[in-house]
Amino acid sequence: MRMRRVRNKKILREMVRESRLSVKDFIYPLFVVEGEDIKREIPSLPGVYHFSVDRLEEEILELVDLGIPAVILFGLPQHKDAHGSQAYAEDGIIQRAIRKIKEVSRDILVVTDVCMCEYTDHGHCGILNEDGNVENDLTVSYLEKISLSHARAGADIIAPSDMMDFRVKGIRRALDEGGFEDVPIMAYSAKFASSYYGPFRDAAGSAPSFGDRKAYQMDFHNSDEAMVEIELDLDEDADFVIVKPALAYLDILQRASETFNTRFVAYNVSGEYAMLKNAVDQGILAPEVIYESLIAMKRAGAQLIISYHAKEVALQMKEGRL
Ligand code: PBG
Ligand code: ZN
């Protein structure tokens with residue numbers, strides 16, 4: 001079929017667009033810290049802040065007002081230990097943050113990132129054995145505990161980002177047994193060992209104190225392997241699949257969305273945000289580059305986008321500037 005090209009008619013051009021961005025596509029990352037009365041800009045992520053629990057209210061109300069439907073939480077705990085015990089403490093930073101947000105508004109969903117790297121003193125994503133390697137199965141049992149404590153505090157969606165094998169299965173079973181059959185799992189299935197996480201690790205204080213994450217995060221030379229990881233997580237009953245990072249991995253997202261019938265989430269990570277934000281702030285790139293990049297994720301098959309850009313883009317949409 002030959003398609004008549006649409007030229008010059010702005011309204012018609014808008015009508016026949018194949019991809020759109022809605023404020024309802026967004027999940028906004030929030031960093032929660034210990035202390036009181038803190039709203040502090042994160043140096044590596046200009047325009048993004050650390051919040052203490054008591055200052056979450058104003059931010060949540062602002063997000064609700066903008067129409068942003070969900071946040072994903074990251075916590076910086078009071079203390080770290082070998083077992084990341086603050087990750088599953090009933091009064092841990094995330095557990096308190098969830099309760100606070102639920103108290104403030106019922107109009108925003110709370111997704112929680114489940115991983116151990118912000119809570120372990122060595123900064124790895126799991127429990128280490130004597131050789132300094134992450135113990136997969138033992139770590140999964142901790143992830144189950146963390147997920148349950150998040151659900152108990154009121155989390156709406158659990159998002160494991162550790163990349164241990166069989167963690168979706170374990171977390172699903174733990175949630176079901178705990179009476180949380182309705183809490184979906186948003187799995188970081190295709191998560192690559194990437195330098196694009198740099199600003200996040202500064203923001204979350206989660207850089208490993210030795211070695212790297214290459215034993216459990218994926219090798220970015222591989223695409224077939226990403227498909228295998230996604231298939232495994234879907235077999236284990238993941239409800240959403242995250243591809244991370246987004247921009248340098250659009251081929252993965254596109255291939256995955258053509259291969260599997262599920263809900264895909266693009267994680268537009270901290271390094272991607274920092275690059276564009278800095279380029280725009282310095283006048284090197286036009287601000288429209290942000291919208292263009294988010295549309296690329298939609299075009300590639302993302303249903304949802306986790307992005308630090310969400311607030312500013314939502315504001316532009318609200319004011320009719322986009
Ligand atoms: C925890 C986690 C990371 C990110 C999300 N969850 C860091 C990492 O894997 O090192 C990165 C997010 C970003 O860069 O915005 N495992
Ligand atoms: Zn981690």
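Where does Asp 37 lie? Asp 37 is found in the loop between β1 and β2, and the tour of this predicted model starts there.

**Stop 1**

Please select Asp 37 and display its backbone. Most residues other than glycine have a negative phi. Asp 37, although not a glycine, has a positive phi of about 55 degrees. With a relative accessibility of 55%, Asp 37 counts as exposed. By the rule applied here, the model has a count of 17 salt bridges.

**Stop 2: from the β1–β2 loop to helix α3**

Remain in the loop between β1 (26–33) and β2 (39–42) and select Glu 34, then Arg 96 in helix α3; because the two residues belong to these separate elements, their pairing ties together parts that are 62 residues apart in sequence. The side chains form a salt bridge, with 2.7 Å from N to O. Arg 96 is partly exposed, its relative accessible area being 27%.

**Stop 3: helices α3 and α4**

Two packed helices are described by the angle between their axes and the distance between the axes. Select helix α3 (residues 93–104) together with helix α4 (residues 136–153): their axes come within 8 Å and cross at roughly 25 degrees. The angle is under 35 degrees, which means that α3 is roughly parallel to α4. The crossing of α3 past α4 is right-handed.

To see the contact itself, display Ile 94, Gln 95, Ile 98 and Arg 99 in α3, which meet Ser 149, His 150 and Ala 153 in α4. By class, this contact of α3 with α4 has three nonpolar, three polar and one charged residues.

**Stop 4: Gly 67**

Move to Gly 67, in the loop between α2 (56–66) and β4 (70–76). Is Gly 67 buried or exposed? At 14% relative accessibility, Gly 67 counts as buried. Leaving aside residues up to four places away in sequence, Gly 67 touches Val 23 and Lys 24.

**Stop 5**

Select Arg 167 and Asp 233, which form a salt bridge whose closest N and O atoms are 3.2 Å apart. Arg 167 belongs to helix α5 (residues 167–177) and Asp 233 to helix α7 (residues 224–235), so this pair links distant parts of the chain, 66 residues apart. Both Arg 167 and Asp 233 are buried.

Then select Asp 224 and Arg 255, another salt bridge, with the closest N and O atoms 2.9 Å apart. Asp 224 lies in helix α7 and Arg 255 in helix α8 (residues 250–259), so the pair ties together parts 31 residues apart in sequence. Arg 255 counts as partly exposed, at 32% relative accessibility.

**Stop 6**

Select Asp 237, in the loop between α7 and β8. Its phi is near 90 degrees, a positive value in a residue other than glycine. Asp 237 is partly exposed, with a relative accessible area of 46%.

Finally, go to Pro 245, in the loop between β8 (240–244) and α8. Most peptide bonds are trans. The bond from Lys 244 to Pro 245, however, is cis, with omega near -10 degrees.

Note on methods: Residues are numbered from 1 along each chain as its sequence is written. Chains are lettered from A and ligands numbered from 1 in the order in which they are written. This is a predicted model: local features need pLDDT of at least 70, side-chain atom pairs count only at pLDDT 80 or more; totals for chains, interfaces and linings use all residues. Side-chain values use heavy atoms; hydrogens and water are left out. Axes are lines fitted to C-alpha atoms, for helices over the stretch in contact, and angles run from 0 to 180 degrees between N-to-C directions. Helices (H or I, at least four residues) and strands (E, at least two) are DSSP runs, numbered from the N terminus. Angles under 35 degrees count as roughly parallel, over 145 as roughly antiparallel, 65 to 115 as roughly perpendicular and the rest as oblique. A crossing is left-handed if the near helix is turned anticlockwise from the far one by less than a right angle, and right-handed if clockwise. Contact means heavy atoms within 4.5 Å. Ala, Val, Leu, Ile, Met, Phe, Trp, Tyr, Cys and Pro count as nonpolar, Asp, Glu, Lys and Arg as charged, and the others, Gly among them, as polar. A salt bridge is a side-chain nitrogen of Lys or Arg within 4 Å of a carboxyl oxygen of Asp or Glu. Buried means under 20% relative accessible area, exposed over 50%, partly exposed in between (1.4 Å probe, protein chains only).
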